[in-house]
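Please look through the sequence and the structure below before reading on. The report that follows takes up a pocket, some helix pairs and some loop residues in turn.

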Amino acid sequence: MTHTMDMDAVTIKEVDGLRIRLIESEKRSGTPILMTAPWPESLFAFDFVWADIAALGPVTAIDLPGFGMSQGRADLMSPSAMGKFLAKVMDALKIEKAHVFAPDIGTLAALFAASESPERFESIVGGSGGTRMELLGEPLRQIVLSTRADFEGSDGGDQVYQLISTTAKAPLSEFTLLDYKRSSAGQRWNEAAEFVRAYETELPKLGSLLGDITVPTLVISGKDDPFVPPANGDFLRDSMPRCRAEVLEAGHFVWEDAASEYTALISSWVNGGYSSF
């Protein structure tokens, strides 16, 4: 596969004392777009969609702390804490307001952030992130209910490489797969899993806030996602005043499995769909 992301443009920026990996597009005009990488992948998960999204405005993609190859910190490993950090990222990048594309774990962080500072969000594009305990797929539910001790004897990088290389429908490059592997190597995956282990207390907290979040939100789910079934997106649609839910023919990695359809939805959304929703 030909990479659409400029590998040489990947940089490190210090945010709140942490080394955060990011990549920025060349385009500088238009409303900023901030993308947060899904777990257990990295910012290279956006390689298939980067060119189309970069045409919409100035784009920055980041690995959130503790995910991808960004430095982590234990106190940030929950959706609400990560939402506060997201605002610090925007400050560090000098972004006053942005379209925030935050699939997977980023969806919850973005929603918590929007509940506190809606003025920072032009819109949110999320999905593939769990929203209620009873709606989680069994593989994710098992991780949520696990303890760090359950995985202390295993290398997360090997597990992630095997999982994604055998289940992703897109033709991922070895470079990308190895980046995913490095992002979860040793105990990094286990440490990152603390984020979802917080769901039992964090998801009910988020649920109580959804009705007051007025930021236009598009939720994109994969029809065959075993980790986060589309019912999670339906819950957000039914709970939020300005939320639209779409389901694509894909598994969990919808941004790779159905890249063309994914970018078509986002392009329509950014080019006016969100403002009339």
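This is a predicted model: local features need pLDDT of at least 70, side-chain atom pairs count only at pLDDT 80 or more; totals for chains, interfaces and linings use all residues.

## The largest pocket

The largest pocket has a volume of about 320 Å³. Its lining is made up of 21 residues, and those closest to the centre of the pocket are Pro40, Ile143, Leu163, Trp189 and Phe227. Sorted by class, the lining holds 15 nonpolar residues, together with five polar residues and one charged residue.

## Helices H2 and H3

Helix H2 (residues 79–92) and helix H3 (residues 105–116) have axes that come within 7 Å of each other and cross at roughly 65°. Because angles of 65 to 115 degrees count as roughly perpendicular, H2 is described as roughly perpendicular to H3. The crossing of these two helices, H2 and H3, is right-handed.

On the side of H2, the contact is made by Pro79, Ser80, Met82, Gly83, Lys84 and Leu86, while H3 contributes Leu108, Ala109, Ala110, Phe112, Ala113 and Glu116. Taken by class, the residues in the contact of H2 with H3 comprise eight that are nonpolar, two that are polar and two that are charged.

## Helices H5 and H6

Which residues of H5 and H6 meet? From H5 they are Gly157, Asp158, Val160, Tyr161, Ile164 and Ser165, and from H6 they are Glu174, Leu177, Leu178, Tyr180 and Lys181. The contact of H5 with H6 includes six nonpolar residues, two polar residues and three charged residues.

Pro40, which is among the residues closest to the centre of the largest pocket, lies in the loop between strand S3 (33–36) and helix H1 (50–54). The peptide bond that leads from Trp39 to Pro40 is cis, and its omega is near 10°.

Asp16 belongs to another loop, the one between strand S1 (10–15) and strand S2 (18–24). The phi of Asp16 is near 55°, which is a positive value in a residue other than glycine.

Technical notes:
Residues are numbered from 1 along each chain as its sequence is written. Side-chain values use heavy atoms; hydrogens and water are left out. On a 1 Å grid over the protein atoms alone, a cavity is a set of points where a 1.4 Å probe fits but cannot get out, and a pocket is an open set with protein on both sides within 12 Å along at least five of seven lines; lining residues have an atom within 4 Å of a point. Grid points are joined across faces, edges and corners, and a volume is the space filled by probe spheres set on the points. Ala, Val, Leu, Ile, Met, Phe, Trp, Tyr, Cys and Pro count as nonpolar, Asp, Glu, Lys and Arg as charged, and the others, Gly among them, as polar. Axes are lines fitted to C-alpha atoms, for helices over the stretch in contact, and angles run from 0 to 180 degrees between N-to-C directions. Helices (H or I, at least four residues) and strands (E, at least two) are DSSP runs, numbered from the N terminus. Angles under 35 degrees count as roughly parallel, over 145 as roughly antiparallel, 65 to 115 as roughly perpendicular and the rest as oblique. A crossing is left-handed if the near helix is turned anticlockwise from the far one by less than a right angle, and right-handed if clockwise. Contact means heavy atoms within 4.5 Å.
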